[in-house]
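Me: Hi! I've just opened this one and I'm new to it. Could you walk me through it?

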Amino acid sequence: MKRSRINAIMAEAQEMIRSHGFVLPPFADWSPEDFAARKDEAAQVITARNGWDITDYGAGRFDEMGLFLFTLRNGRLADLQRGGGMCYAEKLLISRQDQLSPMHTHVLKAEDIINRGGATLVVELYGSDDAGGFAGDRGGTVWCDGLRRDFAPGDKLRLAPGESVTLMPGDWHAFWGEGGDVLIGEVSTVNDDETDNIFREPMGRFAQVEEDVPPTHLLVSDYATWLG
């Protein structure tokens, strides 16, 4: 993705988030120079990979297959492994109309996906096989706002604003906005986007960036190279 497109998506996302009454944390407004000057102070933000995240899954077709994310907070895997401490994470996402977030599952992460506002969020569901792999002939059970929902393979949940679904490790899912763009909340166990996204089809989790203009704000995938 061109950096100029990423900058534009960030600006559009900020406008949508504010229109729904949400405000991003102060570090969301930092420039790359701000981050470099305050990287010691912001060590927890950097280590947890909190911040801006925009992906086209390496396919180069963001409008058709892509996702905007902002990680607000993220816990520590060591705490999750010992069963105490900061074991949670929270994100804001934007799924545009008919923009696919492709079929995937997680090994460790359980998550609530919440329609925070906008249009309808469609979540397509499949169960897993005995090894946790994609099972096109299996359904399962999820919880929607605390109510049990059994699903057949390929069932599509349609979540209106305020509605949510709880997905457990091994629940295969894809999602997109229907009838317009959707602001999504994600509340989960500790999030590791580098290793805990298992896609049905081979693809990358992060976009490859073409530096045609300077970045307005850093992506979480920029931290290692831009901040040393």
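Reply: Happy to! One term to start with: two residues are in contact when heavy atoms of theirs lie within 4.5 Å. Please also keep in mind that this is a predicted model.

Me: Is D193 buried or exposed?

Reply: D193 counts as buried, because its relative accessibility is 10% and buried means under 20%.

Me: What polar contacts does the D193 side chain make with N191 and N197?

Reply: There is one with the side chain of N191, at 3.0 Å. The side chain of N197 also makes a polar contact with that of D193, again given as 3.0 Å.

Me: You listed R205 as a neighbour. What joins the side chains of R205 and D193?

Reply: A salt bridge, with 3.3 Å from N to O. This pair links distant parts of the chain: R205 is in the loop between β11 and α5, D193 is in the loop between β10 and β11, and they are 12 residues apart. Both R205 and D193 are buried.

Me: Why would two such side chains pair up at all?

Reply: In general, side chains of opposite charge can pair when their charged atoms come close.

Me: How many salt bridges are there?

Reply: The count comes to 20 salt bridges. One of them is between the side chains of K109 and E111, at 3.7 Å from N to O.

Me: Are K109 and E111 buried or exposed?

Reply: K109 counts as buried because its relative accessibility is 3%. E111 is buried as well, with a relative accessible area of 3%.

Me: Which residues are linked with R96 and D63 in a network of salt bridges?

Reply: R5 and E12 are in that network with R96 and D63.

Me: Switching topic: helix α1. How does its span compare with what you'd expect?

Reply: They agree. α1 has 17 residues, 3–19, and at 1.5 Å a residue it should span 24 Å, while its end C-alpha atoms are 25 Å apart.

Me: Which residues of α1 are buried?

Reply: R3, I6, N7, I9, M10, A13, Q14, M16 and I17. What covers them includes the strands β1, β2, β3 and β10, along with helix α5.

Me: I see some steps of three or four in that list. Why might that matter for a helix?

Reply: An α-helix has 3.6 residues a turn, so residues three or four places apart point the same way.

Me: And what follows α1?

Reply: G21 follows α1, and its phi is positive, near 85 degrees.

Me: Which residues does L219 contact, apart from neighbours within four places in sequence?

Reply: L219 is in contact with R3, I6, M10, W52, D53, I54 and V209. L219 lies in the loop between β11 and α5, and it counts as buried because its relative accessibility is 2%.

Me: Nice. What about R73: where is it, and what does it touch?

Reply: R73 is in strand β2. Setting aside residues up to four places away in sequence, R73 touches N50, M86, Y88, A89 and E90. The side chains of R73 and E90 make a polar contact of 2.6 Å. R73 counts as partly exposed, at 36% relative accessibility.

Me: Last one: which residues form the nonpolar patch on the surface?

Reply: L77, V107, L108 and I198, with about 340 Å² of accessible area together. I198 is in strand β11 and counts as partly exposed, at 32% relative accessibility.

Conventions
Residues numbered from 1 in each chain as written. Predicted model: local features only at pLDDT ≥ 70, side-chain atom pairs only at ≥ 80, totals over all residues. Heavy atoms only, no water. Helix = DSSP H or I, 4+ residues; strand = E, 2+ residues; numbered from the N terminus. Expected span 1.5 Å × (residues − 1). Buried < 20%, exposed > 50% of the residue type's maximum accessible area, 1.4 Å probe, protein only. Polar contact = N/O pair within 3.5 Å; in protein donor to acceptor, adjacent residues only side chain to side chain. Salt bridge = Lys/Arg side-chain N within 4 Å of Asp/Glu carboxyl O. Patch = residues over 30% accessible without salt bridge, like charges linked within 9 Å, V, L, I, M, F, W, Y side chains within 5 Å. Areas by Shrake-Rupley, 256 points an atom, 1.4 Å probe, with all protein chains shown as cover.
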